[in-house]
Structure formats: structure tokens, C-alpha cells
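Take a look at it before reading on.

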Amino acid sequence: MNPSANNPTADIASQYLERDNKDKQVLAILLEKFMNQKNQILVQKTEMGGTEAYISSVTLEWFAGRVRFASALPLLQQKYNPQTDNIEIDAESIDEIQQRPLDWSRQLPLTQYLAGRKNHKFPPVLVVINQAWVDDPKAAEWDSLGRAKQSTTAFTALDKEEKVGLLNVSEEDVTIYALDGQHRLMGVQGLMELLKTGKLQRYKKEKTPDDTFITVDDLIEQYHVQPAYLQSLPKEKIGIEFICAVEKGETREQARRRVRSIFVHVNLMAAPLTKGQLAQLNEDDGFSIVARKIAVVHPLLEQREGRKPRVNWNSATVAAKSTVLTTLQALTDMSERYLGQKFPHWKPLDKGLIPNRPENQELEEGIQEFHKLFDGLASLSSYKLLEDEETPALRKFSFEKDGGEGNMLFRPVAQVAVAQALGILVFRKGFKLEELVKKLRKFDQQGGFSGMEFPQSLWYGVLYDPNKKRVQVAGRDLAAKLLIYILGGIQDQMERAELRKALADARTIENKTMGFDGNFVEPKQVGLPTVL
């Protein structure tokens, strides 16, 4: 007996499902047909702010081969430099510049990122579709008033609402330029060249060769990737959004202004993350991971009920009235300069590359070492004052409103210098952290970190700029070397002589050298302090 004979509802449901499956099969066949067309691409049409756009995805191979740099747009050709793919800026071209100059030093790191990291990801790119008639004022596509009779995009709708369809991308008909995503294009083109030729030239910013290369063998050795994996990369897909160079009814000048405006808006609306925000989010950089952990668990830094926060999580600087002790960015820099001596492989081999996340065991070891460093710093008498005083009173210079101690330990740049010095002494020179901290406590009790705005201070002219009456970041490395010296880490006489000269130079303002007694002296009269 047929069970559906007594159950009409089940019969209807069965027929619906069967029809639904057939519809899906037909749709799949049609999609395969349309998606395999060489000169057309399946897109979804969108509209925002009066601008129509078409969204899709393309293979990296297609992207690298079909899309050009925006600086090569025909309307900029007069000042276009084909050697650098940049526009030469002068009085005539300044009003037509649509892109910031390409930085060719970024190509190799971007290519290494794509090839060496399996979880790589580029955001979608925004491109412009142009046609040859745009740059011919006598072309039939312009009317007598110089307005376009048609758009540079040819879209064929496949639905009644005209939201899904096919976009003509035939190489014979259109040229495509990256409006937003030029450096991504540069990276993908580098990947294609690397896979095709086996090597990629490193360039300087202005596309002058650096005389060094990266090879496929280097990638395989450094990142442990397989050749088959590398050969699969060209078929990966990237999101892409197409807009037209000229819309129907526009003059050429109106089109140029619209396209330029879109570029500016895209860049203005995409506010970059601050260094502090990047440190909060970074899950690859071991130094950032360690810094975040210490910021929330160490007693000197952790958030406690009844006391003001001691870490600024977003900004890289500390305002004069701020009650925080440091910033997350400073903690990250401290982590890198301290632990970088023990874990140099945590840093990427090339500047601009994303580092590989360290193994969990190493991260735990790094957290323990950094925690010990902060245990030592927390024992300094200056930091013990935080139990009774707020940081502004300890940080401010004596001449500022409600003047303070001018203590360098409450300045992020000095905190980084201390961590740098201790990292070199502990992990490269074999000193014990406990012994170094004892010496620092003695130095601190003698006022060695305070009053940095006075000539008697070792940090006058080094971390304090007497001309501008403010802290100077440029003196950080010299401050670290001076700390290494007073802690007993520099024995070589030549190295000491170079350090003494650097200190004298730092204390020389407008050809006048300030001695530690507050009087002007000859540079050679500036000596090094006593070793602790």
C-alpha cells in the first residue's frame, strides 16, 4: 500500500523537495556554464552613493595578469614613469594624482607572506574598468556636449531585478586598474614571477634593484612548504569589486573627479589601527603576546579595584596629566628588546614580514622571564612610591605646573632602554638578573633616575633635550649603553672611549658642552660615571 495515499501532505512535501532538487541541478548547470566563460565574470551588482559596483572573485593568477596599477591609467600617462609604475609629480600633474607612490620594498615581504604562511589572507580589491574610447575625445561614445553615451562597464543581468549577472571583462574590450589594492597586486605579481622563474628580485622603495633575491628553495627551507602547495597558489581566489571609469552621462572630467574621490574616501574611511591596538590583537608576534599577558597579571601593572589603570592600551604615548605608568606599545617594545636577546628567532627574517607564532612552551618560558624582569623593576624604590603617589608627580619635570621628580622610570622610552640594557646583560653577557637589580636599586636610591632635566643627571642631553625641554626618543640606544656600562657590562677600553665621546656629543648644544657641575666644559672633560 502506498503510504502517501492516506497522507496528502507528505505527498505534496515530497513533490516540492523533488522539484527543489531539480531547480538546484538546473541552476548548477547554468552557473557552471556562465562561470566558465573566458570573457565574462559572474557578479552581483550593488549601488552606494550613486555609484554602481559589481562584486565577484578572481584567481590570483587572473588578478596578477589582468589588473594594472592605477598610476598607469591613460589620463595620467603624460607624467607616468613606466620604470617605477609611479606618477612623476609636478605642477601639471599634482591635481591628477590619485594614488600614493608605490613602495617597491614591500613586494618581497608581501610575496613571502602569501607563499610562506598557509593562513594568509588579502582583503578584497577595488578596481576600475576602462575602455579605449575614454581617451579619444572624437570617439562615437561621446556626444556633442562631451558626455558619455554609455558606461565603460557592460553588465548583462540574469534576474528580473538585475542584481546578478555577467560583466564583460574581455581583454579586447576593457583594461582594468587597481584603485585600492596596488600593493596587494604588487605582492601577487611577485608571487607569480617567483613561481614562474624560481626567484624574485628584491627592490628598494623606488624600484631600484637591491642585488639580492629570494628563491623557491629559500621558501621551502625557511617555511617548510611543499612544492605542490606553492603550485596551487595561483588558483586561490581574491575578492574583487569593479566600478566603471566613466558612467553614462558623465564628462571625462566628471568621471576623473568621481574616481579620484572614491579613492580618497576609501583611504580616509579605513582608519589604521594604532600600534597599541595592533599589539592587543596580534596573535603571531611572540613579544606582543608576552606583553599582553604581563600587562594583566603582574602586580605592578594589573588592573585593581580602587586604583587607576597603569597601562594605556591604545596610545603609544603618555600624556602629561595621565596617571598610567606605561603603554602596551612600550611593554611590547620592552618585551622585544629584552626577550629578543634570548629568542632572536621570534623576529621575522625580513622587515615587513609577519612573524611565525612561537611554540607554546617557548611562549610560557618568555612569559616567565618577562615576569621576573618586572618583579625586579617593581622592587625599585621609585616604583614603590606608587603605593602613595600618582605617576604625574613622579614623571613631570620640576619646571612644569605642579612640578615633579622628572623620574625617567615613568617615561616609556626610558623603560624600553632599561629592558634593552638588562636583556643584553642577562642573555648575551651572562649576568644574573638578581645582581643587576640590586645595583639598580642602589642607583635609584642615590637619585640616579630622578631629575633628568638637571645637568647633574646622566640622562641630561641623552633622554632629556635641554633645548626643547622635553624627552627625546632618539637617545634611547645611548641610554641603554650607559646603563650597560654602569652595571659593569663594558670592559673594552675602545668601547668605553666611544661611549664617553657619544655622551659628550649628547651633552653638546650649539657647540657648548654641559658638564655634570652645570658649567660649560671642553667635550673631552666629560667623563663616564662610576661603575656600580
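**A buried threonine**

Buried means under 20% relative accessible area, exposed means over 50%, and partly exposed is in between (1.4 Å probe, protein chains only). Thr391 counts as buried because its relative accessibility is 2%. You'll find Thr391 in helix α13, residues 391-395; helices are DSSP runs of H or I with at least four residues, numbered from the N terminus.

Looking past neighbours within four places in sequence, Thr391 is in contact (heavy atoms within 4.5 Å) with Ser322, Thr323, Val324, Leu325, Leu386 and Phe410.

**Where this comes from**

The model is predicted: local features need pLDDT of at least 70 and side-chain atom pairs count only at pLDDT 80 or more, while totals for chains, interfaces and linings use all residues. Residues are numbered from 1 along each chain as its sequence is written, and side-chain values use heavy atoms, leaving out hydrogens and water.

**The cores**

A nonpolar core is a set of buried Ala, Val, Leu, Ile, Met, Phe, Trp, Tyr and Cys residues joined through side-chain atoms within 4.5 Å. The largest one has 73 residues, and Tyr338, Phe370, Phe374, Leu422, Trp459 and Leu463 have the most contacts inside it. Helix α14 brings the largest share of this core, 11 residues. Apart from this core lies another, of 45 residues, including Leu114, Leu194, Leu230 and Leu233.

What does Trp459 touch, leaving aside neighbours within four places in sequence? Trp459 is in contact with Met408, Phe443, Gly448, Phe449, Met452, Tyr464, Ala479, Leu482 and Leu483.

Terms used
Helices (H or I, at least four residues) and strands (E, at least two) are DSSP runs, numbered from the N terminus.
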